[in-house]
Amino acid sequence: MSKDLEIIKEKCDRENFKKVIKIKNNYIFNFIAKFVKILNPESIFVCNDSESDFNYIRNKVIEDGEEKKLSIEGHTVHFDGYYDQGRDKEHTRLMVPKGVYLDPNLDTIDKERGLEEILSIMKDIMHDRELYVLFFCLGPVNSKFAIPAVQLTDSSYVAHSEILLYRPGYEEFRRLGNYRDYFQFVHSAGEIKDAVSVNIDKRRIYMDTEEDIVYSVNTQYGGNTIGHKKLAMRLGINRASKENWLTEHMFISGIHGPEGRVTYFAGAFPSMCGKTSTAMIPDETIVGDDIVYIKKIENKVYAVNVEIGIFGIIEDINPDGDPSIWKVLNEPNEIIFSNVLVTEDGYVYWVGKPGKVPEKGINHSGEWYPGKRDLEGNEIPPSHKNARFTVNLKNLDNLDINYNNPDGVEIRGIIYGGRDSDTLVPVQESYDWNHGIISIGASLESETTAATLGKTGVRSFNPMSNLDFLSIPVGKYIDINLKFGESLKNPPKIFSVNYFLKDSNGNYLNEKTDKRIWLKWMELRVHEEVEAINIGTGFIPKYGDLRMLFKDVLRRDYGQEDYIKQFTLRVPENISKIERIIKIYTELGFGVPDILFEILKEQKSRLEILKNKKGEYISPLAL
Ligand code: SPV
Ligand code: MN
């Protein structure tokens, strides 16, 4: 027996050790052994793809107290610590070897220093805990897209979340034998008190793209701990950049057009800006809501959902706006609610749920009552803004038939959206691939939200909604996106949407349901079935087409005044935006493709000409 297996055997019972050796992968043996030595767990549980192993985790999570059962069968609740409610950007770092320069938009740490720090925090951290070894497959198994991945964690909540969110991969690992190119994640919640991580000051999430490994410690919040989610994106982006494909922060949806036609769109939105709700839109079908791999196959673009479940925001979910999710959340399905309010009788409440706010309950701050304040004096809402639900896609009645297709779905449209109160029109189509990637994707700005720790509502640069997850320089990433479309005869059309546009009094100009119309319009544009108006920054819908769609889809009378308000070209705001973006890329300095500056400057001069001819705020009817 190899030395690695001996080390593992010492911590395993017979059953678990048998599961280890069946993998027949020396790299895996070496990886587990290395971390058994560092983490020093009391015991090891190896999870294969069987229901009985999943049940072991489901039981353990209740025993450990990381989740509690609720009144509806299958429902549980998990709380993260009061100060552990979002992604910790400050302590999430890419470890970079000496001499390698990334760019100032990426948070980095010297690799040697980072490794030393995180491994010393992790030393013996599991001495009184069980180590879970879990195997998954990112993307459909046995497909061109699939990337096998292994997770080590001592958190039964993380393990439970992952069995809901990812495709089982133990058998995939066995099939692949002595395979090396899998992703690796090591997590420990650290010292736990009252079921939450205590040593938040030593919370660290460090990534090593050279070794395809991510370390995470002293945190439980999913975005910091669920390896295959945002941590795997860094590894995915790095790998994709070497192999000419894309890893994106996108949903995939089948948009249902006339006569039963289904056209697939992928859409990138920053966190908490409507991505899941777009993917969940009534009458359309969902493939995924957060992370995709996109590849070119025979001159077409195909994408898969990396995941098989949703870790979605629960605030404001209601039966009218989100019928599919509402139904799932109210029926006996396997669901983990996190950071919601739990009432005495074991039901959950979240801000924006129809009905009365409970008088009391338990939430992420402990016993909760209306008006309760935290140590900083802020009023604590019943549920955290970033409170979430975790559920497998199979529970949804709007699941697309191709959600698990190993060949992916053909993407005909790409959408970029952000939280933008004053600049972009609600929906707009770019002139072509390069114009879309540059003037929409690479120019995306969005106001910050509670998905990350820190101040909210600050306008920030977020190219392709992917800035938080990049592991390569922004310039290079943009260039890869440009090149991806260049060789395609008929690349996907690129659109922008903005659900958050306001008037000068601060009132939103659109209803939540309006996005259904923008999707139908984009679907028709892909098939060239409606005309559009060129406004100098792209194409917008004609009033008559929207009017018809509003009537057909929402049975609503869409007034021309609304159209004018929403689609007025705001020239000064658009010019300022271009200036901000040019400044950012100029400061980046190297690696930014020249064409980016050319396209933005051309757009700016088109806007200046328009301003001279028609003024600063131009009605779409005048264009
Ligand atoms: C997001 O914040 O974009 C999410 C949740 O999808 S997290 O896992 O925190 O990234
Ligand atoms: Mn996300």
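Let's start with one residue, Phe-269. It is buried, with a relative accessible area of 1%. Keep in mind that this is a predicted model.

Now the wider picture. Across the whole structure, a search turns up 28 aromatic pairs. One of them joins Phe-251 and Phe-269. Their ring centres are 6.0 Å apart, the planes make an angle of 40°, and the pair is tilted. Where do the two residues sit? Phe-251 is in strand β15, residues 250-256. Phe-269 is in the loop between β16 (262-268) and α10 (275-279). That puts them 18 residues apart, so the pair links distant parts of the chain. Both Phe-251 and Phe-269 are buried.

Phe-269 has another partner, Tyr-499. Here the centres are 5.6 Å apart and the planes stand at 35°. Tyr-499 lies in the loop between β31 (493-497) and α14 (514-526). How many residues separate Phe-269 and Tyr-499? They are 230 residues apart, and this pair too links distant parts of the chain.

Is Tyr-499 buried or exposed? Its relative accessible area is 14%. The cut-off for buried is under 20%, so Tyr-499 is buried.

Stay with Tyr-499 for a moment. The charged end of Lys-515 sits over its ring, 5.0 Å from the centre.

Last stop, a cluster. Ring pairs link Trp-518, Tyr-543, Phe-550, Tyr-558, Tyr-563 and Phe-567.

Definitions and conventions: Residues are numbered from 1 along each chain as its sequence is written. Chains are lettered from A and ligands numbered from 1 in the order in which they are written. This is a predicted model: local features need pLDDT of at least 70, side-chain atom pairs count only at pLDDT 80 or more; totals for chains, interfaces and linings use all residues. Side-chain values use heavy atoms; hydrogens and water are left out. Rings of Phe, Tyr and Trp (its six-membered ring) pair if their centres lie within 6.5 Å; planes under 30 degrees apart count as stacked, over 60 as edge-to-face and the rest as tilted. Helices (H or I, at least four residues) and strands (E, at least two) are DSSP runs, numbered from the N terminus. Buried means under 20% relative accessible area, exposed over 50%, partly exposed in between (1.4 Å probe, protein chains only). A charge sits over a ring if NZ of Lys or CZ of Arg is within 6 Å of the ring centre and within 35 degrees of the ring normal.
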